Amino acid sequence: MIRTVLIYGDAVLKQPAAEMSKDFAGLPELIQDMFDTMLHHKGIGLAAPQIGENHQLFIVAPSKQIDPFFQQNDRWPGRVFINPVILDQGGLFKSMPEGCLSIPGLEVSVKRPTHIRMQYLDHLFQPHEESFSGVLARVIQHEYDHLQGILMTDRINGFRQRSVQGHLRRLEKTETHHSK
Ligand code: ZN
């Protein structure tokens, strides 16, 4: 089911997400909703708080060229990360343009490390520790930030911040805020 994506200004987007427990009811349905919603909006990643579910869960589905391990499971066209923890960040810091389904109409360049090492649970609550680099590392860090209540616009410098304020104020006035 396609769910409503919360837009900038919604309080949930600024809150840290809660850790998920193994007995969480309706997890497969929630993950399915997230894939339906992400694919509907042609996104390449989505965090649960973006649809008002404030849990430590995000999905990522970049292209197969970017992630050779794309097909983590037979069920969904992408990967599922639960209760993730970034253990290490490294490599270079690189600036690249990013977009966000919760901040429509805005693209900003965000500086992020090119390599990360992360510990997470998959959709079956199996633990993994894995390294990511390139675009996949970037998408994962963007979604991971959502679980901490951090948005891409929090990661840009003061000068650029001021230039996007007008756009953000307009989004705050939109009517898709459900959790205020
Ligand atoms: Zn986002």
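Select D33 and R3 first: their side chains meet in a salt bridge, 2.9 Å from N to O. A salt bridge here is a side-chain nitrogen of Lys or Arg within 4 Å of a carboxyl oxygen of Asp or Glu. D33 lies in helix α1 and R3 in the segment before α1, so the pair ties together parts that are 30 residues apart in sequence. D33 counts as buried, at 10% relative accessibility; buried means under 20% relative accessible area, exposed over 50%, and partly exposed in between (1.4 Å probe, protein chains only).

The model is a predicted one, in which local features need pLDDT of at least 70 and side-chain atom pairs count only at pLDDT 80 or more, while totals for chains, interfaces and linings use all residues. Residues are numbered from 1 along each chain as its sequence is written, and side-chain values use heavy atoms, with hydrogens and water left out.

Helices (H or I, at least four residues) and strands (E, at least two) are DSSP runs, numbered from the N terminus.

Next, display the sheet. Its 5 strands form an open sheet in the order β1-β2-β3-β4-β5, with antiparallel pairing; two strands pair if DSSP finds at least two bridges between them. β1 (45-47) and β5 (127-133) stand at the edges, each with a single partner strand, so one side of each has no neighbour in the sheet. Between β3 and β4 there are 12 bridges, and D88 has R117 in β4 as its bridge partner.

Now select E98 and R112, where another salt bridge spans 2.7 Å from N to O. E98 lies in strand β3 and R112 in strand β4, so the pair ties together parts 14 residues apart in sequence. E98 is buried at 5% relative accessible area, and R112 is likewise buried at 4%.

Finally, centre on the zinc ion. Its protein donors are C100 (SG), H142 (NE2) and H146 (NE2), at 2.1 to 2.2 Å. Donors are N, O and S atoms within 2.8 Å of the metal (3.2 Å for Na, K and Ca); water is not among the atoms, so sites may look incomplete. Both C100 and H146 are buried.
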